[in-house]
Amino acid sequence: MIESYSFKTRARTVDHLGREQIADCPTAISELWKNAYDAYAKNVSLIIFEETPYQFDGADSIDDAPVIASLMDDGHGMSKEEFFDKWLVIGTESKASGDEVSVHDRKGLALRVKQGQKGIGRLSAAALGPLLLLISKRVDQKFVAALIDWRIFENPFLFLDDVTVPVVEFDVKTDLWQLLPGLFDELMSNLWGRNLKFSQQEINPDRTFRVINAWEKYSAQERLSGLLRTTQEKIEEVLIQTTFNKEHIEEWSAWNDPNGSGTALLVADAAFDLKAQLASDGATASQNAEKQAKALFAETLSSFIDPYINEEDRQSGYDFPEFNYSVVIKSGLVRKPLIFSGRNFDIQDLENLEHILEGKFNEDGVFVGRVKAFGKWIDAPFVLPPTGELGKRKDSRVGQFFLRIGAFEGDRRHSTMNDELHAIAKEKSDDFGGLRVYRDGLRVLPYGRESNDFFEIEKRRSKKAGREFWSNRRLFGRVGITRSGNSNLKDKAGREGLIDNKAAKVFRDLVENVLMAAARRYFGEDSEIRTSALAKIQEENEKTRAEEGQKILRVRQRKEFRTKLGIYYPLAQQLELDLREIEEEMALSNQVDEERILLDWQDRLNDLQNKKSELRFPSGSVPRSLGTSAEDYKNFRAKVTSAEESIGRLRSSLTIALKKINPDSPRDIAISRHQSHASYLQGRVRRWGNTAKKLIQEEMVRLEKLVVEKNSEFHSICKPEMDAFLLGEQSLEDLIDFMEKQRERLDLENSDIFAGYIDTLELMKDSVGLSEVALYSVAEKEKATGELNQIHSLAQLGVTVEIVSHEMDGLETSISDALVTMPSSCQKTHQYEIIKNATKQISDRLRFLAPLKLSGDRQFEVLTGQKIYYYITEFLQRVITNSQVKVEASPAFLNFSIRDLPARIYPVFVNLVNNSIYWSSGRSNPLIKLDVIDKKVVISDNGPGINAEEVSQLFTLFYTTKVRGGRGVGLYLSRSNLATAGHSIYFAREDSERVLSGANFVIKFIGAKYE
């Protein structure tokens, strides 16, 4: 007889699909962020609450500290019915079916491509922590809240139907805290079954029996395995000990806005990866684990949105979404941002790299792009057809996708980038390096992690590093795909990469083919471009090494000078006191005719003269610029000069006195003085000699180690290649070619090192003072670059602006938040209005200071003439009002736009307008006008203008014609700032470029749009 049965599902299935399925905690956060994205959120944030400051001494474990975290978004949220019908339905069809989200739910945003596919992403919340309080709200509907402990689903003896999730609706947000105990009690029915305590719920004796029996079996099993605390005991303890409060949800927009919506996930007893973000780095085994967790956390969640999109990508239909994300640690009122949308290595940073490969693959697998090699763009396009067979079937086709990748030379000596850009790239490669994959602008994990080598970059490099060129440690980039164009590239359920189908294999082969071809043609050691470029780079870097040597010498010079001055100055003070004592004794003494007393004074004077001789700085050792030491050095020199004068007077007086008394034994006096001076000189020479011998001995040891190291370097470099040859993975031809190139390279490096040693020793043998020569060179260079140093000192103003702005921004936010939550009775007082208005003025000032920051993350913006005009008139409002100058902007100026850094553009306009205010104020009907002539911006005034002979000096550093308040740096810095982006500024001489009768400055922007 045929019988039919249905599948029965254990509760543990949820644990398998959720916590055990997802790769790790950061990946779970990524999935929840994508859920927020699918809910049309504009903002999503993860806040980790630090209840008390953490202090780890190596013995304490972070696992002992309970932590609460909140993940909140401002999406469309859920109603109670949607929570039942969708969130609690595993594998729901709402995403897979492709149902379009209503215009109302999109909240004014463009239609988004759904990221979720399988309907189980929500279960990844279990990876954040065992206890979850979910709160959601739709516009104009009630709040819905649910409480879940994911550890319940670890019990293998429970059936899924026996597990219940307590859910409650409420209108007023404060009602949650009265309802929360009931949610806890109902949740406990999953451990104890229901009893009469839960009178509002139907009591099912069979379920109660099954639940109690299941936990008895599971607890018994855990005790047999040696566990000290069972899962049931852990759940009971957390439920009793854990308390959610308003602090954990007060930053949720839907909680504070009656018209708001969204979803908040409050997690108790947060996972180790979240707790690790609170700990400081250390050296113990536990702290090393925390350090690794922090690194993986940042590596996974940074650059969640594709940072490498440009205008060409947008025109091709690949763009990044309007979506902001952040991870914040909150301790009381203090917020510490860990990860946020703007903190990336972005497209502007990538374009500063010396090697770039960018383009797109069409549906036939042909790559069409362009290449930048060693700082120069190649004129000819890079076109590469596929080498293998493409999938023709609908279910294996790849489709169009995008590639952008940049790299830098690991060895600074081979790089065309300057020290600053190279250092930035090297530093940021730890956090943002690697080749990542993005789908519709959102990151696909785990690609780009250090442990992932999907495109086999490191594998190929291990076989032939020079030829393959690419390295995850010194490249930045991404492959951009779309769900519509690459529907066969699907994520694995655990978000551990793409499903390994034929489309994924073709996708990987296409990318690898382009990387290998580009390495051989443009970047690697087999490239003719590299061969020709390195010769020039070597020449430039010789100059760089010399400059670095001068820099080291200059730093050492300054350090030694400050150290010696700190020692010499008090000795000079004591010398002055000792000489004054002898002078006073001689002035008061009536026994200047006694030979014994005169000789004693002379001995003391000789001793003081020896001390004075040691207070000497070698020739050229005093830096050209003394900085904060200038006043001390001035006082020191004054005391030494005074001592020299005193010694001269005293010696002259003693010589005359000795001559008058005609001493009994002048020969003995002469011999004694001769021996005293010789002993002093011999002692000094002996000390110098001992120091020199010690340095030579140390240098001999270093030289011997260097010889041993260089003798074995060729063998260590060639060993992997030899091993590959012996295993049949390397051809003899390639091996010989590799060895010859390494020999040439190492011989050149060794020649630079050892020839330099020998040249130095030869010069020393010929008594050439290397220190004097080097210090003279440094002094001359400092003199030549003095103006540049003064410019750098001015940059400190920008740093100050940034620091003050950052600190004030946090304080302003705290004040504003506190004002909003103050009782209505307080808000009606006069004092409240005063504080509110003052806070608004602070906020306005901060808003205008923000674009002037010099450091931190650079945010490019589209700056319109309207924005620039508004900024200028607001920033200079008081000056404009007091001077009664009228500032106008033409329609052509208001409609022009440029995409650039506000910190680069705004200060230029502020400086030019401020100068015009200075010169035109006091005249009849003073006027300043901003206009556009022949696609060039003109800033003009009706002031006295500028004399022809002064025009050539206008942009010279420290040149000014102002009687008061002029430093002569504004125009120079304006031109320098604009030049860094290719823009230019000049003084108009042609009538066709003049707008008003006075001064007319013309700016030619690169890439500006004029409507």
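Q: What is the strand order in the open sheet of 8 strands, and which helix lies across β1, β2, β6 and β7?

A: First, the ground rules. This is a predicted model, in which local features need pLDDT of at least 70 and side-chain atom pairs count only at pLDDT 80 or more, while totals for chains, interfaces and linings use all residues. Residues are numbered from 1 along each chain as its sequence is written, and side-chain values use heavy atoms, with hydrogens and water left out.

Now the sheet. Helices (H or I, at least four residues) and strands (E, at least two) are DSSP runs, numbered from the N terminus. Two strands pair if DSSP finds at least two bridges between them. The order is β5-β4-β3-β6-β2-β1-β7-β8, in an open sheet with mixed pairing. At the edges stand β5 (167–170) and β8 (334–340). Each has a single partner strand, so one side of each is left without a neighbour in the sheet. From one strand to the next, the twist averages 20°. Axes here are lines fitted to C-alpha atoms, for helices over the stretch in contact, and angles run from 0 to 180 degrees between N-to-C directions.

Look at one pairing. Strands β2 (residues 68–73) and β6 (residues 262–268) run antiparallel and are joined by 4 bridges. Ser-70 has Leu-266 in β6 as its bridge partner.

The helix is α2 (residues 25–38). Helix α2 lies across β1 (43–49), β2, β6 and β7 (324–331), and runs at about 30° to β2.

Next, the side chains. A nonpolar core is a set of buried Ala, Val, Leu, Ile, Met, Phe, Trp, Tyr and Cys residues joined through side-chain atoms within 4.5 Å. Buried means under 20% relative accessible area, exposed over 50%, and partly exposed in between (1.4 Å probe, protein chains only). The largest nonpolar core has 82 residues. Ile-29, Ile-135 and Leu-274 touch the most other members. Contact means heavy atoms within 4.5 Å. Leaving aside neighbours within four places in sequence, Ile-135 is in contact with residues including Phe-170, Trp-252, Trp-255, Gly-262, Thr-263 and Ala-264. Another core, of 44 residues, lies apart from the largest one. Among its members are Leu-357, Val-371, Phe-469 and Ala-518.

Rings of Phe, Tyr and Trp (its six-membered ring) pair if their centres lie within 6.5 Å; planes under 30 degrees apart count as stacked, over 60 as edge-to-face and the rest as tilted. By this rule there are 41 aromatic pairs. Trp-252 and Trp-255 form a stacked one, with 6.2 Å centre to centre and 20° between the planes. Trp-252 is buried, with a relative accessible area of 1%. Trp-255 counts as buried too, at 7% relative accessibility.

Aromatic rings also gather elsewhere. Phe-361, Phe-469, Trp-470 and Tyr-522 are among the residues of one aromatic cluster.

Finally, compare a second sheet. It is open, with 5 strands in the order β18-β20-β21-β23-β22 and mixed pairing. Its edge strands are β18 (886–889) and β22 (984–987), each with a single partner strand.
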